[in-house]
Amino acid sequence: MKILHYTLGFTPARSGGLVQYATDVMTEESFQGHDVIALYPGNLNFVKRTAYIRKAGSRKHNFKIFELINSLPLPLFGGIQNPDDFMKRMPKSVFKEFLLKIHPDIIHVHTLMGLPIEFFVAAKELKIKVIYTTHDYFGLAPEPNFYKKI
């Protein structure tokens, strides 16, 4: 089975339970013989401001890794200050072309951070099943700490 995972990233750039859990799942699926592909929100390109996906190094993993350049913002610290930044439209074609290129049987989404609605619309149009399991606070609230700063 060909499985596309959307995760927050990989160590050392990202850390925490979500990153480790997603990496462990992808590693095990790869070990079991599945064709595993990872997509994560990557860097910003201030010259080319539109979203695009590029192949990233596979690092030490046994699966292919792709980076979503110019993703939606990642509210890792301080939550969402300006909601409009998190609702920017992106060309659906970026995601549709990527999904057509890799042809996943299923998509496993580990977080919603950085991922625009157009990704889900493209997957639905292509009739690709999506599984969502949350391993971070973002599925509950857009604020990383639930306590008011005093």
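How many of the five residues of strand E1 are buried? The count is four, so by the cut-off of under 20% relative accessible area the strand is mostly covered. This is a predicted model. Its six strands form an open sheet with mixed pairing.

**Sheet layout**
- The strand order is E3-E4-E2-E1-E5-E6.
- Strand E3 (52-56) and strand E6 (129-132) are the edge strands. Each of these two pairs on one side only.
- From one strand to the next, the twist averages 25°.
- Strands of a sheet pair through backbone hydrogen bonds, in either a parallel or an antiparallel sense.

**E1 with E2**
- Strand E1 covers residues 2-6, and strand E2 covers residues 35-41.
- The two strands run parallel and are joined by five bridges.
- Lys2 has Asp35 of E2 as its bridge partner.
- His5 stands opposite Ala38, also in E2.

**E1 with E5**
- E1 also pairs with E5, again in the parallel sense. Four bridges make up this pairing.
- Tyr6 takes Val109 in E5 as its bridge partner.
- In the strand order, E1 sits between E2 and E5.

**Helix on the sheet**
- Helix H3 (residues 117-125) packs on the sheet.

Terms used
Residues are numbered from 1 along each chain as its sequence is written. This is a predicted model: local features need pLDDT of at least 70, side-chain atom pairs count only at pLDDT 80 or more; totals for chains, interfaces and linings use all residues. Side-chain values use heavy atoms; hydrogens and water are left out. Two strands pair if DSSP finds at least two bridges between them. Axes are lines fitted to C-alpha atoms, for helices over the stretch in contact, and angles run from 0 to 180 degrees between N-to-C directions. Contact means heavy atoms within 4.5 Å. Buried means under 20% relative accessible area, exposed over 50%, partly exposed in between (1.4 Å probe, protein chains only).
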